[in-house]
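Subject: Structure for you to look at

Hi,

Here is the structure I promised to pass on. Have a look at it first, and my notes follow below.

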Amino acid sequence: MTGNRSGGASDAQLPASERPLRHDQRGAIMLIAVFFAILGVALLYLVIGTAVRVEASENLLGAADASALSSGVLLARGMNLEVLINLIMAALMAILVTMKLLEGLAIIGIALAAAAAFFTAGSSLAAIPPLKSLQSSMSLAYEETKPSIDSALEVLHTTADTVKTMLPDAAAAVAGSDFAGGNVTAVMASAGRADLPIEDDEFSVLCGKAGEFPVTMAGKALEKVPGIGLIMGELGGPMGELTSSLSEWFCGESESGSSTPKPYPNRVKREYPRMPQTLACENEAPPPYSSKKQMQAATSPACTNSQAFEKQSAVDKDKATGECKAHNQCGLNEPYDQRVTAARVQCKPRGDFSANRYDYQVQNGKVVYRKTKLGWIRGVPEFYAPRMESSGAAPCFNGQQTDIRRTVAVGWQEQVHPRPGSSEVLPLCTTERSPENHGLLKLDDAVTEVVVTFTQVTHLIGCMREEDAPVNFNAGSTAGQGSDARSSKRLLSGTKLGDGNFQIRSLAVGSEPAGESARLIRLALFGNKEPERPLPQLAPLVNSAMAQAEYFYDGTEAEGEQLWNMKWRARLRRFTPPKAQQLKRFKHDANSLGGQGVAAALAILGLGDVSLH
């Protein structure tokens, strides 16, 4: 028998140190806690591993995004740099265009001054010598400046070619070196093409843009003047079209190597007759004036002579009689007589000439015809006061010119005087008819005297016609030989904004993150086989990420203006597999990352239309 311990106390009443092991309940919860601890650690490592994996994926995706966008930004800046080069080239060319513009305006002014000589009594001819001198000065300045500007344009053209060729590779190199680090081992950015999608533009486009610069600058300087901004805005386009169409003269373009400018179709109202004195003034070479003051006060013998002739041959417009003005040279073979004689020849309607207005002197008169045995004898005619008239149709009618409306009489007498040295004036045309030829009279033998009234055009003063008078810009110097080495840039023909030429795709490759945590995560399997991946095609993407960006034109200007406005930007796009023409370049660039990067890239490209970012 066993005696009672501690006075017969039960096991439960014994101190903890003296109780039997089979009755000790301390730490029972630890058995369950051990199993939950293992599960908790596995869950903790699962969370840690997932977070590490998500962080690694975000780092890869961030590197890919940053690489693509950075490359796109650099390429957009490259396009803006091409725009800047174009603008600088146009600004330099504008210097030459401005000189040629002033020279051309001087030439046009000479033509207009000569055309207006008749109605200004020769006073407009005073403008010809200073205009000639201005033309000569601008021509000389142009020839001295042009070689330096041509050299600068060629340097800028070469710079634009260099940027076009080297920038995509430079952008890819920068994008690949700046975003590697941490678990990102390598980054690659691949543009859609090996160079920028631009090409040489036609030289006339640069010349046209240069022509808009003077108008734009004048508009900026005068923008505070009411209405000037609107006027200058309207002038810019036509000025650009003018310089573009006449680029051979303004800027020196010539496909054949010569630079003979085409005449500019200038519509003018030209007065006839064009006298030899006026033509001599118009064509006379300018004298070498040495100062602005001398140029403004310049005269030339031919122009002085022409001015004097126009003044002496002027009609008395105040009295509107068409007569030679008092105190002028009005005698036989003198200026007035020379003018009216030349007018009959130069203004005669014919197949290649029809005027819009005729100015002529009209007189009414009467004459007595007396009947003799020899026939009707014409007496001395009596004339009434002459008057000056103007008409849109010829004052006389030639029976062979059926398109000319009859206004006064039949015929067109070119000869003013019946014979040399005679002061008698033959009218241009008249309604006078002798009695036997006068259809309105019924004469009998008893009639011995008949008074015939008539109207005649005594003198043709001149005529005016609107005609194309091409301005001969060869009156000044030509611009010299042209060359594509001076042309600006434009978008490559056949490209469209947003197509593959403007896309950049990037690939980021990383290392396996947190390998230790991955092994601990497998503890949750309790030795079971790891489950198969639900999407085995994505296995190569575990340590890689891809992104896409593009550079684009952020403007609303018309087509062809993209290389004249610095509005190129970059943005991220949803990733799409490159087309066949860009796929080869993408694979070539991916090879720089090694086999793993190429495997990841090809895995994505094999998924067709699957988009990742």
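**Cavities, a pocket and a few local details**

Searching the whole structure turns up three cavities of 30 Å³ or more. Here a cavity is a set of points, on a 1 Å grid over the protein atoms alone, where a 1.4 Å probe fits but cannot get out; a pocket is an open set with protein on both sides within 12 Å along at least five of seven lines, and lining residues have an atom within 4 Å of a point. Volumes are the space filled by probe spheres set on the points, with grid points joined across faces, edges and corners.

Before going further: this is a predicted model, so local features need pLDDT of at least 70 and side-chain atom pairs count only at pLDDT 80 or more, while totals for chains, interfaces and linings use all residues. Residues are numbered from 1 along each chain as its sequence is written, and side-chain values use heavy atoms, with hydrogens and water left out.

The largest cavity holds about 70 Å³ of space. It is lined by 11 residues, and Ala114, Ala117, Glu271, Pro273 and Arg274 are the closest to its centre. Pro273 is also joined to Tyr272 by a cis peptide bond, with omega about 10°. You'll find Pro273 in the loop between strand S3 (267-272) and helix H6 (276-283). (Helices are DSSP runs of H or I with at least four residues, strands are E runs of at least two, and both are numbered from the N terminus.)

H6 packs against H8 at an angle of about 150°, with the axes 8 Å apart. That makes the two helices roughly antiparallel, a label for angles over 145 degrees. Axes here are lines fitted to C-alpha atoms, for helices over the stretch in contact, and angles run from 0 to 180 degrees between N-to-C directions.

Asn333 isn't a glycine, yet has a positive phi of about 65°. Asn333 counts as exposed because its relative accessibility is 55% (exposed means over 50%, with a 1.4 Å probe and protein chains only).

Lastly, the second largest pocket has about 320 Å³ of space. Among its 16 lining residues, Leu491, Glu559, Gly560, Glu561 and Gln562 are the closest to the centre. Strand S12 (489-491) and helix H3 (203-221) each supply at least two lining residues, and S12 gives the most, with three.

Cheers

Terms used. Buried < 20%, exposed > 50% of the residue type's maximum accessible area, 1.4 Å probe, protein only. Parallel < 35°, antiparallel > 145°, perpendicular 65-115°, else oblique.
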